[in-house]
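Please work through the exercises below with the sequence and the three-dimensional structure at hand. Each task is followed by a stepwise solution.

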Amino acid sequence: MAAPVPPGAPRSGANARQQPPPPNFNPNYQTNPNSLADNMQNLNLNRPFTMPNSGPRPPPFGQQPPFPQSSVSAGFPVASRSGQPPGMVGRPAVVPSGPPQSTLPANVLPGRPVGSPVSHMPPFGSGLPSASLPSSTGGAVLPSVAFPSSGVPTVSVAPPPAGSLPGSFLSSSPFTGGPAVPMSNALAGPLSNGTPAVGSGALPGPPQFPSAASVSQPPVGPPPSMMSARPPAQASAMHSVLGSSAVSSPITPPLPSASPFSAAPQSRPPPPGSPYGPQAWPMQPQQGFQPPHIPGTAHAQPSRMFGMPQQLPNQAATTISPAMGQPGAPLSGSSKIDPSQIPRPAPSATPIVYETRHGNSANPPPPATSDYIVRDAGNCSPRYVRCTLNQIPCTADLLTTSGMQLSLLVQPMALPHPSEDPIQVVDFGESGPVRCSRCKGYINPFMKFIDQGRKFICNLCGFTDDTPRDYHCNLGPDGRRRDADERPELCKGTVEFVASKEYMVRDPMPSVYFFLIDVSMNAVQTGATAAACSAISQVIADLPEGPRTLVGIATFDSTVHFYNLKRALQQPLMLIIPDIQDVYTPLETDVIVQLSECRQHLELLLENIPTMFQTSTTAESCFGAAIKAAFLAMKCTGGKLLVFQSVLPSVGTGALSSREAEGRTNISASEKEAHKLLQPADKILKTMAIEFAEYQVCVDVFLTTQSYVDIASISVIPRTTGGQVYYYYPFSAVSDPAKLYNDLRWNITRPQGFEAVMRVRCSQGIQVHDYSGNFCRRIPTDIDLPGIDCDKCILVTLKHDDKLQDGSECAFQCALLYTTVYGQRRIRVTNLSLPCTNMLSNLFRSADLDAQFANFLKQAAIEIPTAPLMQVRDQVTNLCINILLSYRKFCATVSSSGQLILPEALKLLPLYTLALIKSTGLRNDGRIDDRSFWFNYVSSLSTPLAVPLVYPRMFAIHNLNSKEGDGSILPSTIPLSSEHVSDDGIYLLENGEDVLIYFGSSVDLNIVQQLFGFTSVDEVPTQFVMQQFDNPLSKKLNDVVNVIRQQRCSYLRSKLCKKGDPSGMLFLSCMVEDKNAGGASYVEFLVHIHRQIQMKMS
Amino acid sequence: MSEMANTDPEGIDAVRMTWNVWPRTKVEASKCVVPLAATISPIRSHPDIPTLPYAPLRCRTCTAALNAFARVDFTAKIWICPFCYQRNHFPPHYAMISETNLPCELYPQYTTVQYALYPDPNNPASAPQFPPVFVFVLDTCMIEEELGFVKSAMKQAIGLLPENALVGFVSFGTQAHVHELGFSDMSKVYVFRGSKEVSKEQVLEQLGLGASGRRPTPGHPKGLQNGYTDTGVNRFLLPAADCEFTLNSLLDELHTDQWPVKAGQRALRCTGVALSVAAGLLGACMPGTGARIVALVGGPCTEGPGTIVSEDLSEPVRSHKDLDKDAVPYFKKAVKFYDSLAKQLVSQGHVLDLFASALDQVGVAEMKVAVERTGGLVVLAESFGHPVFKDSFKRMFEDGEQSLGLCFNGTLEINCSKDIKIQGVIGPCTSLEKKGPNVADTVIGEGNTTAWKMCGLDKSTCLTVLFDLSSSDRSNAPGVANPQLYLQFLTSYQDPDGKTMLRVTTVTRQWVDSAVSSEELIQGFDQETAAVVMARVTSQKMEMEEGFDATRWLDRNLIRLCSKFGDYRKDDPSSFTLNPCFSLFPQFMFNLRRSQFMQVFNNSPDETAYFRMLLNRENITNAAVMIQPSLIAYSFNSLPQPALLDVASISADRILLLDSYFSIVIFHGMTIAQWRNMGYQNQPEHQAFAQLLQAPQTDAQMIIRDRFPVPRLVVCDQHGSQARFLLAKLNPSATYNNANEMAAGSDVIFTDDVSLQVFFEHLQKLAVQS
């Protein structure tokens, strides 16, 4: 944060350093231990919320109870149905934990400094040696957040009293607290580490991770529930009861439960300890024992649940049992719910080692936002492909009944954790990779070799192929090929094949970067042009070296200006295309030249552009014509087109009008059709975009604006071409250039590929229904991605076309054919094979919250432009209700109709659904452009960033000094409720895109002075650049921000908010748990859902 | 050769007529065969022409200017217009007029006077000085070497320009580049696509010279100095002194067109777009001021409007044969395009000069309309490195005596006596469509008017005006018939210094009643002018009339002429004689029939167009040389003397100098060549031989010096391959058919063409047929 752009080096370093230490535990996380309880979280609405508190307690079990509130709540009958620990919270933790992800150092300012950037680039690009990867990517790893539901420690523990299930679950009621805790801790710990790791990884030190990880984990011992019993293990989550139970019980239970379970788990996964240790999250290093409880719970539950017996654990049903349970009592009821007891995300702990398969079956992945290190054991890393359900329903009916959706979130180039093994590259020579002759699926670990290895059966279509002669190998006694372990394609879920000639319609394209800068009057005067030029100028150093890197540049206002950068010329030659209705390229060659040929001219030019147009009085901007012209210049190669646009495109091809203003002046008429403003104004840009995609031109648009620019229309171009929209509104020449530079730098240096084609193949019985994301589709089966990078995620919805066999596995294979920045043609193949099930309960237990929510989010985003907001919100709510209803109806043992019971795995779904409804995209009061940007942003948003977008993390930063010694840089997160925001505090809230810093009205001025250099709150400006002052507090704050940046792979735009100011309102609108104009409070929402379910039940 | 004898046949008026005595009636006129026509060099300089610092008096009704032929009543202070007989009062400032105090224009010898006009005669200081404007339009689709030649020619030209001349630069290849010379930060170029036609409005719009940049009153620019800075002109047009450095460095960096040329294809060259962009630029910047587009073209237009041939090399550029068969897919479209370009340029008053240098055709035939209508210069050469281009181009910008005297924005008005009708004008001008009683129904050339625009004109510009007589039977009119007819030519123009001038030439000729006697008519016949006019009319017809058989038409007319004016007994060819006034005419016709103007199939359409444009704009003397070259023989025994244009003139010990206008051939007889090769001229004792060798060279240089375009100089030896340039022009009196009759040392021509002798025999036979 410190300086925007400055000397980067330090910063990365700094981060790294700091993080390392705590590898295993972050302070925060550790604190969590309490929260650990997560596993079983039952929430008692009544209960007070523990989250924050949880932090402190180290001990696994003890956690919750402490709270007074809990006691209060206790009264409630609520039952935590699942015996498990009441904490509904379970999974949720993920979100908060988010931190772990490391981020890309690159983004961070520091990036500049040599170190980081370099490292990043190479690895990926090259694709080659993985080695480099770690370092480079470093940033990106996503920490898996608390896999377990840690966060919520909360839960309450609704102990036994509730009586609901007490008996049944051993662990459950009593422990809620207890068990939960452990889990969470485990996770948390790792996570936290993870984060750091990431950070470090990126920069300095990959090494740390490993070590850290290993270290921490081993100890753990505990059976990672997950690991061991796939089914059972996961149970960790369990149901939590909202109910009252929580309170009292907590304490005691833990212990008991712990022991029993512990045992169980261990058995499964053998020794959680050393061998596996790493992998599993199991580990909560600290509390070894606790985890166990989970398993136990699982067992217990079985009986109750519907179809799913044992596995219940996972499915924790949680619930709300609020008192309100009673049908009658609506509001009043709600009032009784203790907000502190309801499910909330819990922070994660240290990094987890996650093995993708265990035994011979798929291992459910840790939460997307947690910090985890993947060991590829046949299934791909969940970073690449994550399924909404980790068990596949055998029939369409079963899926329909569950109310859930089956889809894959595919992020084929996702950044791995620095400690993970690099993807191995396999070269089959001229013949290319072995493929099924019928479905063309690529060879993978799930292809079954028979007949002494002479034939193999395709796991996707079932066809029996002959093994190519030179690929033949005998089978071992276990029926596997003897060379299976030596051949990455036979033992790894993700491999890259070197593409042979037949995969190329032409030579792999060079890396082409074309910069297009708005120089209309507004752009120049607001400093946007200067910012863009400066960013480009700095980023040139980060472009891949070598003759394959080509660069071009053009500017535009009411005409398009190309520049001939050929070195032979004494100075650049400016070529103006004045015909903006029907553009063309001014030169066939020399507009795009080798970087080495034009570096000096380019630098000179970038320096001159802002002054050259200083006196321009051209207000018009011909965006459409400019990109078309640039496209024509790039047409023969394809490449990346980076456009910096500052005003509404008003002239030339694809000119747009100020629809927003028209809409405003004509409110009554437009009210019904308001969403039409979110659709592209016409088809011109779309047609253009398709043509761009056809010629492999990927467009990224940086909108540095202070007015309406019709993102709805403009965004069609990046969406269709695999690009992205960056939005700086209102653009500030003071604070935004740093972000612009960092965004641009990450855009160029992140792992990415060009001219890509992607297809997902599924086992017989399942087929791809649709793809959504940023790409162009010309034929139904494939998607064309002129550009694909590590941040882009594609939602692949699936449908049944047949029944699947219970007990069999259903395979998914995503093949991405692409060209690396170094000009190699590669096929990245990621495989995921998941068990099929006939049991509804299994579905709920294996549901992946992050994927489910990402699916929700993306579907909502798709709806936004086509339906009235009201309707979209209702749809989202209904989706949530239907899932919970299904669970309630078919899986939950109902002890009291007054309880709201949530599946453990999905217990945070209501909270996220509420957050989604209140998000920028679904709110009524947003600006059109904000909403357009939002749903475009969402369309390619990666899974780990989905939740934070709607449910940001909030930290208190006025008391950074007070936490000492826990090793974690990030303070603990605070629920998004204004109750938790005090007037004398300063809070930092981040959603992966923006950072809001909020000043209460009675802040300690001394702290303000130390952190920001203001002597009073009144001095707080709206635009600002974070600086590092010479005091520990400021340093800490900078460290915190840098960690977050690394985790999010984003520089994050900072805004300062003051209470009582419009900016303060902005901040408060992020308090999604509050009741506000956007909707109900969290508690009210739960009540609403509960009532709906009850109505439908009856 | 008669023209050599009379060095100034045009006199002060620079007017020559086919008939210096006019028949009274239309019927009689038509019997004269050779049309009534006058050629005028409107601004030819002559030492005797006075320049008057005031405006002429104009007749109230016919607007003719007061002239020496007006009858003046000194007491009543009245003058009577010789054209319409209107009585006009002298204005007050002529109050001093008397028989002994005549204004200059009334002096009988000053039939031509020139008025220097200023917008405000009382305050000449405020008169705007119009700096000339030059927009160079440079083709870049050529090999580096050629581009090098043309660049150095351009640099030289820019150095020669007056410092205040405004210069603009457009280069083109596949696309047209307008260079913004006034942009100091870096080289800045507006790129127009070659494949798309752009209207003037679009050009303005796209160059950022839209509405605000347009002067409201085109044709009447005012406040130029401060006016144009607002319009953006100074972005593109800079005084030569200011932009010379910029332009030179720009030229240094200019390379051949960057767009790749595929194998087997021509370079894409958007000549049409480049020219219309240049025209648009000028239209915006300097409406109404004198401006020239100087186009330097190195190949055919293959892209966009004006395309003359496809880019596929396997398709040759159209030939006359293709034109004849109408197998020219691009021709009409291109001509139409250039026609509209010509209209635009004329309305703006701007000139298109064309310098085409290429081995193949570049489309001069299509562009002819635009060049000719605007009065532009045209030079066709094989290479930009060839002296024909280099020296011509340099001439264009030279100052002083060598100056071409390039003037702008000329208009020609003609007043003539009643009953005289103007059919039209052949030459570098455009009809202004100004109708009047003197406009004939039939049109030849630029007609339907009594006023013409000459956007560009120079000292040598010559126009041919074709007249008709009114069909009413004049002899029936009551005896008031005036025995004299009058013609008045008023030419206003901006001279190179930017001053506005008006030249008034009034001529008178006599009517005769040819029905009574043709003797007077015969005496008034100007053979040379008649030959040239016939050549121009025939060329015109060949272009305008489909399937026109020029040779036959010429033959028929010649026969009719001989029948009417010859002395003979019917059906007795041997009795045929012609009055000396006609004696040369048949030979002119013989050579015209064989010339490149009629025998087009030996030339490309571009060459033909080029020749005709020059035929139409040169004065009678030069045009006559084009038709019938002059031949001078140099030998030891005599002074240089004219020789017969006959193969018989070739002799081993003679040097011949042939001037066919477009080329000058120095032909060494075999013996001379041998001596020269042996180096005798370098030996002191053979001084005479050296002088003999030098004499034709010196004469050739004299001819070349005065001529624009610079002719091609061919130095050749008898039997050498280059000798064809001579042989082609000679009368084939000796061919392989009668070679055995030839004397030693002479030569034969391998042709089946008829010789002059045979031609005459047939003519005599046919002329006397009843």
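The exercises that follow concern helix packing and a chain interface in a predicted model.

**Exercise 1.** Determine how helix α15 and helix α17 of chain B are oriented to each other, and which residues meet.

*Solution.*
Step 1. Helix α15 of chain B covers residues 550-565, and helix α17 of chain B covers residues 585-594. Their axes lie 10 Å apart, at an angle of about 175 degrees.
Step 2. Angles over 145 degrees count as roughly antiparallel; α15(B) and α17(B) are therefore roughly antiparallel to each other.
Step 3. On the α15(B) side the contact involves B:Thr551, B:Leu554, B:Asp555, B:Leu558 and B:Leu561, which meet B:Phe585, B:Pro586, B:Met589, B:Leu592 and B:Arg593 of α17(B).
Step 4. By class, seven residues of this contact are nonpolar, one is polar and two are charged.

**Exercise 2.** Describe the crossing of α17(B) with helix α23 of chain B, residues 756-768.

*Solution.*
Step 1. The two axes come within 11 Å and cross at roughly 120 degrees.
Step 2. This angle makes α17(B) oblique to α23(B).
Step 3. The crossing of α17(B) past α23(B) is right-handed.
Step 4. From α17(B), B:Pro586, B:Gln587, B:Phe590 and B:Arg593 meet B:Leu756, B:Phe759, B:Phe760 and B:Leu763 of α23(B). Six nonpolar residues, one polar and one charged make up the contact of α17(B) with α23(B).

**Exercise 3.** Classify the packing of helix α10 (residues 331-348) against helix α11 (residues 364-374), both of chain B.

*Solution.*
Step 1. The axes of α10(B) and α11(B) come within 8 Å and cross at roughly 15 degrees.
Step 2. Angles under 35 degrees count as roughly parallel, so α10(B) is roughly parallel to α11(B).
Step 3. The handedness of this crossing is right-handed.
Step 4. Contact residues include B:Phe331, B:Tyr338 and B:Leu345 of α10(B), and B:Met367, B:Val369 and B:Arg373 of α11(B). The residues of the contact of α10(B) with α11(B) comprise eleven nonpolar, one polar and three charged.

**Exercise 4.** Characterise the interface of chain B with chain A.

*Solution.*
Step 1. In chain B, 18 residues are in contact with 25 residues of chain A.
Step 2. Between them the chains bury about 2100 Å², of which 56% is on carbon and sulfur atoms.
Step 3. Within chain B, the most area is lost to chain A by B:Met186, B:Arg193 and B:Glu253, together 28% of what that side buries.
Step 4. Three salt bridges are found across the interface. A:Asp579 forms a salt bridge with B:Lys196, in which the closest N and O atoms are 2.9 Å apart.

How values were computed:
Residues numbered from 1 in each chain as written. Chains lettered and ligands numbered in written order. Predicted model: local features only at pLDDT ≥ 70, side-chain atom pairs only at ≥ 80, totals over all residues. Heavy atoms only, no water. Axes fitted to C-alpha atoms, helices over the stretch in contact; angles between N-to-C directions. Helix = DSSP H or I, 4+ residues; strand = E, 2+ residues; numbered from the N terminus. Parallel < 35°, antiparallel > 145°, perpendicular 65-115°, else oblique. Contact = heavy atoms within 4.5 Å. Nonpolar A, V, L, I, M, F, W, Y, C, P; charged D, E, K, R; others polar. Left-handed = near helix turned anticlockwise from the far one by under 90°. Buried area = accessible area lost by both parts, 1.4 Å probe. Salt bridge = Lys/Arg side-chain N within 4 Å of Asp/Glu carboxyl O.
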